[in-house]
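Open the model in your viewer and keep the selection panel at hand. The stops below go from one chain to its contacts with another.

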Amino acid sequence: MATPNSPLWEVFIRSRNGLAHKHVGSLHAADATLALQAARDIYTRRGEGLSIWVVPSSAITASDPSEKGMMFEPAESKIYRHPTFYDVPEEVGHM
Amino acid sequence: MTAASITVSETPLVLYVLRRADDALVLGHRLSEWCGHAPMMEEDMAMANMGLDLLGQARELYGYAAKVEGKDNDEDTLAYLRDVRQYRNLLLLEQPNGDFARTMVRQFFYAAFSDLYWRAMMASRDATLAAIAAKSEKESAYHLRHSSEWMVRLGDGTEESHRRAQLAVDDLWAFTGEMFAVDDSERGLIDAGIAIDPESLRTQWLATVARVIDEATLKLPANDWMQKGGRIGHHTEHLGHLLSELQSMQRTFPGATW
């Protein structure tokens, strides 16, 4: 139940052995401190994470779904950009 | 068919552990009453989480009390088959939820205490209590942080939230003194290094409470008359109703499991 006083926040969690914070969902909270606590209570109840970011949803600039042709289709025909034509040596590790 | 109440041999250590177990169970149950009713979904989860922390503490403490007593009782019979006069929790914790402000004030007063209490109890000479304390301390620290943040936002929020928070502070204040009371049965455990003297926590408790109340633009009540009785089973009228709900299943269907 959202009220005008509780804006939306996006929640990012870095898991125990994860390398980056991943978006896990959103929640309503009055301010950043409470958003962090709510994120802890909602998204880490089963030991999912060791680090939490919360970001005001209003701070996110999103691409327009109606422009997806212009935005993304040009990349689809450029198969040579995928690094699939050579083997990555094992010593390189995670890329 | 109903299940009769059990009797408990309350040696000083059994009584001491039961008192803390009852604290955790009763407050945990109060928080569970919010489940599905909180002002916002996020807080619904937060209160259920705190309730589950407390239920976990209660289970460990009841289990230990039963072990120390060494009779036929176990954590379930201690929780479900004692009558209201056999309950030993603080009066503060059985007070009804009221509005959200009242629930948070109650949580705040208790968490400000239990955070200090469990931290100090980590040095108990009783290894089991020290281990329970080490786990409970982290949980209590979070309960204190969460309730403190809400104290500030309710007190320093709108006129209405300020009014409700101040009313709850004024109404619940008289129940805070009981946290620091010690009777003869506990004195021996304190002398033996098994329990800690809660009086030693009072200054720091008051400092924490005063700081948060001040930040919340609320006022500490001036009265210092304190109500007590929970530790010897003299409860307010609210606990009987709480237990009738908490115990109804086991009283009606003794030994029921699922």
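What percentage of the 95 residues in chain A is buried? Buried residues make up 16% of them, where buried means that 20 or more other C-beta atoms, placed from the backbone, lie within 10 Å of the residue's own.

This is a predicted model, in which local features need pLDDT of at least 70 and side-chain atom pairs count only at pLDDT 80 or more, while totals for chains, interfaces and linings use all residues. Residues are numbered from 1 along each chain as its sequence is written, and chains are lettered from A and ligands numbered from 1 in the order in which they are written.

Select chain A and colour it by secondary structure. Chain A has 2 helices and 3 strands, taken as DSSP runs numbered from the N terminus (helices H or I, at least four residues; strands E, at least two). From the N terminus on, the order is β-β-α-β-α. The radius of gyration of chain A, over C-alpha atoms, is 19 Å, well over the 12 Å of the globule rule (2.2 Å times the number of residues to the power 0.38) for 95 residues, so chain A is more spread out than a compact globule. Along the principal axes, its C-alpha atoms fill a box of roughly 50 × 40 × 15 Å.

Conventions:
A residue is buried if 20 or more other C-beta atoms lie within 10 Å of its own, exposed if 12 or fewer, and partly exposed in between; C-beta atoms are placed from the backbone.
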